[in-house]
Structure formats: C-alpha cells, structure tokens
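Biologist: I'm new to this structure and would like to learn how to read it. Could we go through its features together?

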Amino acid sequence: MPRRVEIAVIGAGVAGLCTALFLARAGREVLVIERGAAWGESSGANAGTLSLQIKRNEVLQVSRRAIELWRDFQEIDGIEVGFEQIGGLRVATSEREVAMLRRSQGEQAALGVETEWLDGNRLRDMAPWLGPDVRAATFCGWDSMSVPLTGGPGLARAVERAGAVLLADSNVVSIRQDGGRFRIGAGGNSIEAERLVIAAGAWTGQVCAMLGVDLPVAADVNMLTITEPAPHLIDRVITHIGGILSLKQYPNGTCLIGGGWQGRGELAAGTRETEHVSLMHNLRVAMQVVPDLAKLRMVRSWAGYEGVAADALPLFGALPGVAGAYVNACARGGYHQGPALGEEMARLMLEGRTGLDMRAFDPRRFA
Amino acid sequence: MTRRIDQGIDRGAAFRFDFDGQPVVAYPGETVAGALLAAGVARFRTTARSAMPRGLYCGMGMCWECLVVIDGRPSNRACMTEARPGMRVETQRGLGGPERS
Amino acid sequence: MKTCDLAIVGAGPAGLAAATEAAELGLDVVVVDENARPGGQYFRHPPAGFRPVGETPWEKDIRRGQSLFAVLGHPRVTYLPDAVVWDMPEPSVLAVAAGPRSGRVQARAVILAPGAQDRPVPFPGWTLPGVISAGGVQNLLKGQRIVPGTRAVVAGNGPLLLLVGANLVRAGVKVAAIIEAAPIWRRLPAELVRLVAAPPILAQALRYRAILAHAGVPILAGWTAVEASGSQAVDQAIIAPIDETGVVDRARRRRIDCDLLVTGFGISPAVELPRLLGARLRYDALRGGWTVERSADFETSVANLFVAGDGAAIGGVELALAEGHLAAQAVARRLGRLHAGEGSTWEARWTRLDRFRRGLESLYRPPRSYRALITPETIVCRCEDVTRAEIERRRGEGAASAVQLKAATRMTMGRCQGRNCLPTLATLLADWAGTEASAIAMPRPRPPIRPIPIGDLAVEDLPPPDLPADPHLPRGRR
Ligand SMILES: Cc1cc2nc3c(=O)[nH]c(=O)nc-3n(C[C@H](O)[C@H](O)[C@H](O)COP(=O)(O)OP(=O)(O)OC[C@H]3O[C@@H](n4cnc5c(N)ncnc54)[C@H](O)[C@@H]3O)c2cc1C
C-alpha cells in the first residue's frame, strides 16, 4: 500500500526543511523524504555565513528576509541555530578590488542595503586585527553567523513539531505522474503525493530528470578549515569582495575559514576531497587578511557539495511542464537564503503568488 | 624523594623559569612538562567547557592535554616544548586568553 | 619540491632501519619525523646536555639507538626533524609542516613508519592529573630521567606494564601494584612454546619480573583499574577483577593510594596516512585494532606505499627493525637497485619474531571489551569534555550515527582529532547495533592529520591561484 500524503518534499537540507516547516505551520500534510540523514549534506557541511553584503543583487531582498527568519528561529522558536548578528566586513586588498567594492556598495545602496565604507584609521579602529594588505572594507550590520552543526537537528525537530513527517534513509529513485498524483519510489517505500517539492540540493538535476526536466545544475566542491580554539581575536564576519574568503570566530574560540575554494570530487561518484594546493591558497588569503591566524593551528578541513545553477541564481518555482511539481534549490549561499526561500515556496504553493519578487529565479528560464 | 633520577647522569647547569609566579628549576634539554612534574606540579590547565583539571597524559604530543600558556601565548604542549631560562609559564585556564562575552 | 628515491615517515626503529638499508643500497632518502630528536618512542634518549656517569641500565639501549641514528648523517640521507607530515596529496608526495622548512617532498616510493599511539580506554577519573599513559611515563624516564610521582599503580594490559613497573622501581618509585587485565598466569604454560622463539626478549621479561618481585610489587592478573579518584589530581586508584568477557566484579573492588596511575591498555597503529590514501585496512583486535593490509614485501594496497613496524600492526621494536630492513630492500628491488633473491637475511629473523609475537598476543589477549568501565559520568572525549551520559542523551534525541553524534556533542572535533575518543565511539555504536567495533566504519581522515600552524602553509613557493572572474558562477561539473 503506498503511503498517501498531500505534499512530498524531496531533500531534508535547509531548503527542504524550511519549505516543510512553513507548509506544516499552515496546516498542510507534509512528508519530507531524505536519501540519508537530515542535514547530512551541504546544510550540515557549510560555513554558516549569513552575509547580506556578499550576495548578488538579484537575491538581496530574499537574503535580508532570511536573516530576519534566522533570528526568529533562534529567538522566538528557540531553535539552536547559533545565530549571532555581529556585523560583517567585506574586505578589498588591491586597487582593483577597492574599485569593485565601491561599485558594489553603490549598487546595494540603490537596492536599499546600506553599508558603511571603512578605510585608514577608521577601519583599524573597528578591526585592529586586519592585516596591512586590507585597503578598505564595507561594514554591514545585517551580516551574521550561525552554527550549521547544531541548527539541523533543531530545525528537524521544529519541522516535526509543526506536524510534518521526516522519512530518512529513503533515496528517491523514481517519480511518476499518474492520474494527477505523483508516485514516488524511495528506498523501498512507495509514496503518493498530490504535490511535490524538489529540494535535493546538488542532486536536484538528477531528481528533476526523473520527471523528464533538464536543469543545468553543477556541483561545486567547497572546502572549509577549522582552527583550534583560541582566545578571542575576530569579532566580525569577514568576507572578501573577490569571493575568496569567509572567516569567523565562534564563541568556543574556533575560527572557521572558507571562501569557495574548490576541492576534488564528482557528485556521481560520491567523492569530495580537499585539494592540497587550493587549501593552501585559501589559508594564505586568510592570513593575508588576518595575519594573527598564522599562529593558530588548523585542526580539520573538509569538503562538501554545493549545487549551483548555471547562472548562480536560485531554482525556485513551478517545474516547467509538470503540474503540481515545484523546485526549490541551488541558491548560491543557499544556507543563508534557505528560510526565506522556504517561506516563499510555501506561500507560492498555498496562495499561488510570492511576497517578494522571485521572477528571476523561475526555472523556466532554462526551458 | 626527588623526582629527578640522579644516578648515572650529569644534567649540567640548572636554570629557572617562572610558573604562575613561582620559580621552577630546569636543566638544559628538559621539557616544560618534565620540569613541572619534577617540581611536583601535576595540574597544567583547566578545560574550557567544564573547568576540569588536566595534566600530562600521553607524553608524546598526541593528546593535547598538557597545554600551558608560555610568554603570553596559549596552547603550547608542555611535553613538546623545551624549557628555556626565564620563560614565563602559566596554568592555562580554558582558552588561555580572553573569551568573547 | 624536493625529490628523492625514498621518503620515510618516522625516525623510530622501523624508519631508521629502513633508512640504513636504503642508504647502503644507494638510494637517496628523506626521513621526516615530528619529534626534535630521532629514535621514536623506543629509542628515546636524554638531551645532548645530559652526560652519562658510569653504567646504568639505560646505556645499552642508548648505544644501540646511537648506532641507528648514525644513518641520519649519511650523505645520501636528508633528515627533517621537528617536521610533521600533515597531508599526502598523492601516494608519492609528503606535505611537511616544519616552520620555515615547510614544503612538499616527492618520492619514487614511500615507507611509512609512524609507530603507534595509545589505545584509549576511558574510565571515571582517567582525565585527572597524575593519570599518565605508559608510553608517556616511559618517555619521561628515558628522555628526561624524571618520574612523575612517588607512589604508583600501573594498570592496563600488555607486556609494557612490566617494563614500566620495573623502570619505576629502578628509578626509586614505590610501585604499589601492577594491574593486568589478562589472566596471564593461567595462560602462560600453554604459550611458552611460542615465547621461546625469541630467547633474548623472554629473558628480558623475566628480568623485569625479577626486579618487581624483588621490590615486592604484586602483579594482579585478571584485574583492572575501574576508577581514578581525586579532585585536582589522582590520589587513589580503584581496582576490580575483570573476566575475559569484560564483566567487572565491583563487589571485590579495592582502593590503592597513589599519586601516579600509569595506564596502558595497549597501543594502536597510527594508520592516518594509509587511511587518507585509501589503503586497505583490516581489523585485528590483537594487533591494536585497525591494521594495514600488506603484501609479503610490506607494500600496502596502494602501489609504492609501504608500511613497516607498529604503524602497520603492533609487533614491538625487534620486529619493527626487521620490517624496516625488509621494506627498504623491497623498495630497492622495485627501483632496480637490488636483484631478486638478494639481501634477505632479515626474513628468517622476522619469521621467528612473528612466532614470538603470536605467543605474546595470545598470552595478553585482552578482555572482549572494556565497556563496563565507561560509566555514565565518564569523560569519553577529553578535548570537549563529553561524557557517556551526554552521548546517550543525544542519541535519545535522535542522533544515531557517528556523524550525527559528532555534530551533536562535538566529540572527535578537538585537537586530538578523535584519537582519544573515536575507538570508544565505535565501541558504543557497535554495542547499540549489536555488532563488533570492527563493523563500524570510521570516518576517513582529512588533512591535516595533525594540527599544524597555519603559518606553515605560507612557506612553499606556489604558482598564483587561478581565481574565478565571477566567484558566483559554478566551477564544479554538471
Ligand atoms: C563547504 C561549504 C560551505 C558553504 N558555506 C556557506 C555559507 O557560509 N553560507 C551559505 O549560505 N551557504 C554556504 N554553502 C552553501 C550551502 O551549504 C547550500 O547552499 C545549502 O546548504 C543548500 O541547501 P539544500 O537544502 O538545497 O541542500 P542540501 O543540504 O544538500 O540538502 C539536499 C538534500 O537532498 C537529499 N537528496 C538528494 N537527492 C535525493 C534523492 N534522490 N532522494 C532523497 N533525498 C535526496 C540529500 O541527501 C540532501 O540531504 C556552503 C556549501 C559548502 C559545501
């Protein structure tokens, strides 16, 4: 006997769980189907950077809303997501980068996101730990950080409390549309759903292909490195206009260093390893920006998949040609945006329209 | 009894370093851990999470339990660090420096 | 990048023996070791400033060590002390962190001889100051001539306990008791036939036994430490009988005053590098847990990657020396510097020592499990102060797998990189699943395999990185 539900969500990362959360809160019957363990992929392996000022202009509004929702998770819903709004510095280390930063600041201001320009003594006053190579930075009070490690279990419990059901260890291998229903084969289970949300992260291309839809999804292999716990050093979220550094220090003293440097691996083979030379470059950039890091020890590094659409914008909306199916995946910096994308997806499915302007993310752009 | 085995060895000239404000005797080539243990000090640090006492455990650089602050820098392995005259060694409390409030 | 014929990781007995053999056979060799001085754990020796006066029990080993160290001055040998191999991006490349000397070494073949590390067995109070591993105490004795206490209890499993006990006695420490978990007295008669395969080692063991007997040190076999008590440091060891299945008879427990509790429940091969490179491992409880699968030439399942000594499977110093020579000969044959059939004088010796090892292993076969020692309040992860109760609470909340428990408790995430808690986590997971620890897949290590200063990554000359024009756009494959 197939299990019948109103809405099936494929994938229990931040995108799937947040979609399920808002749907369940609105009283819908939701089943989240997850291949492995909830939060086991990108959403558990990422850097937890919630930086508004590093986002592409197209996703600024979604990203701002998402920060409000992360704060609500922590402060209102009591979910341990480790949210802290400590503000962020986006740095530039060359003339060229200073010009890029200026331009970006202007564009963001025009879209309603104000940042503060800092250089010279004003910059050193705020961040004496920055190295001499840092020529300028913009400060954004929205920028925050979070702890993906603890956020997952908390969010999964909240989803269940809201009434949704989580089905782990159930790899979706087939989806058929049959008399207005979806028949989903997942890890030996057969599930029937009236509507379907594909939130399968880097695997979204594979899952959409089960419904005959071809979406251009690439799997980046991002690396991160964490240091030993050290006395208080860095008190802002640090990012880089070149997109090559993310850095923060957690309350337990560890510093997390990333920046989109690529490891090695293939989604199809399930491999994701660190790459020696890239890792060294990543840490060199970190030391250039915060020289005191040279004295700290690195303790672990790892790599995870980040699914990205060809134009690096989210895949958000109705799946072209398949009535009742939706996709919510592949936002660059999708951890940050997850709550807002989930909220909007629920709104789209329940009300037929979104609150924010999401047209640029419509998957039909690739049809 | 003394905790330095004197039989069969001439250690050369002793020197001192400072541990939490007290002088500790060491000999050239001794590790900070060795000199502290010889002086009867077993507790080198307290942990960040629950302030529990810790000391030398594996003695070969693998367990990272014997951390001390040396000349203001935290998290030195006492078992892997040679004692030097005049160095300032302190019990490491937690991270060994200011924590974020 | 520095290049050589053979890179050897570890300057202990196995690594030094390999270097000696290889240098004699005309190979260019690089030896890397994280310690400041050569010798590994066994040939640890006092610093240069300590001058021996007269003959002491230590001198023989020191001279033996010294003759091995000679190879490090050989013109074909480059020795990098104080140098940590933190990554092997390829089976032929070592990434070395060594302050201003950091960089990569490329070799035609690699012999790993990284030795072993303590096998952690948590019990209440094992984190107290004054509870020190047997290896740690040996290092203080050999390398510093310092004893870390005045009244000691030596507890655990394996032949090392006798050695440490005897050394402490010779150093003037009052040793209250040796607590051996295996019922060795009962098993001894049956194992003698194999133990006589190595008369010198057996004679040495008898000497230690005599020293202990002379000092009136009782050896309790079939007993274990179940707790260390004290507030700021250990002041008592609590011991109790343990049977071969691991059941502890707490009703018969005894308290012994001490300011030093030496623990040694055996050692495990340091398999991080073979694991990192994907070499095949095999679980062998008697040889330290996860061991490295090797051919008769000591080559792993990864071509041109060899492992010698305790780093592959626990066997002791004599076996490690033999394996070092044999592995280097195999490398020389591979590189065309030695013909088949040549240079095999070490084989017969290896076979004899291996027979002895089997005897010793079965004599000291540990209880099936020490899980009875891990009470709820016992710290399992020393770096993050995580107790068994906390792990079980998180499990109750739904964290079922190793990965989820790590995330929920932070265990394995500290500086020791899980060395002190992963084996226990495997035991607990196996218990819950009703299987053996050998069935629990351990997470693959990722570089760095030791914590290293980030500054060391700034040393090597690298070509500038290929930066993306637009960092938002995907770089991975579809
Ligand atoms: C190292 C790293 C650092 C990053 N840093 C940041 C950062 O600081 N800030 C930020 O905002 N973003 C960051 N990202 C990106 C961010 O992690 C992702 O954008 C985000 O987590 C994606 O969430 P998701 O739910 O779409 O994907 P995932 O978390 O990967 O969830 C998708 C889920 O779908 C499941 N699934 C896939 N196929 C199937 C199937 N057939 N059947 C059932 N289930 C299936 C998967 O198992 C997975 O659990 C980083 C990414 C990486 C790798």
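**Reading contacts and strands**

Biologist: What should I know about the model and its numbering?

Modeller: This is a predicted model, in which local features need pLDDT of at least 70 and side-chain atom pairs count only at 80 or more, while totals for chains, interfaces and linings use all residues. Residues are numbered from 1 along each chain as its sequence is written, chains are lettered from A and ligands numbered from 1 in the order written, and side-chain values use heavy atoms, without hydrogens or water.

Biologist: How much area do chain B and chain C bury between them?

Modeller: Buried area is the accessible area (1.4 Å probe) that two parts lose on being put together, summed over both. For this pair it is about 4,000 Å², 57% of it on carbon and sulfur atoms. B:Tyr57, B:Met60 and B:Met62 supply 19% of the area that chain B buries there, more than any other three residues.

Biologist: How many salt bridges are there between chain B and chain C?

Modeller: A salt bridge puts a side-chain nitrogen of Lys or Arg within 4 Å of a carboxyl oxygen of Asp or Glu. Chain B and chain C share five. One of them joins B:Glu65 to C:Arg382, with the closest N and O atoms 2.5 Å apart.

Biologist: And which strand of chain C pairs with β1(B)?

Modeller: Strands (E, at least two residues) and helices (H or I, at least four) are DSSP runs, numbered from the N terminus. Two strands pair if DSSP finds at least two bridges between them. The partner is β3 of chain C (residues 51-52), antiparallel over two bridges, where C:Arg51 is the bridge partner of B:Asp10.

Biologist: What does the interface of chain A and chain B bury?

Modeller: Chain A and chain B bury about 950 Å², 54% of it on carbon and sulfur atoms. In chain A, A:Pro231, A:His232 and A:Arg297 lose the most area to chain B, together 54% of what that side buries. The salt bridge count between these chains is zero, and two residue pairs are in polar contact.

Biologist: Why is strand β10 of chain A largely enclosed?

Modeller: Buried means under 20% relative accessible area, exposed over 50%, and partly exposed in between (1.4 Å probe, protein chains only). Five of the six residues of β10(A) (residues 181-186) are buried, so the rest of the structure largely encloses this strand. Strand β9(A) (residues 172-178) pairs with β10(A) in the antiparallel sense over six bridges, with A:Gln177 opposite A:Phe182. In their hairpin, which has two residues between the strands, A:Gly179 has a positive phi near 55 degrees. Five bridges join β10(A) to the antiparallel strand β11(A) (residues 189-198), and A:Gly185 stands opposite A:Ser190.

Key: A polar contact is a pair of N or O atoms within 3.5 Å; within protein, one must be able to donate a hydrogen and the other to accept it, and residues adjacent in sequence count only if both atoms are side-chain atoms.
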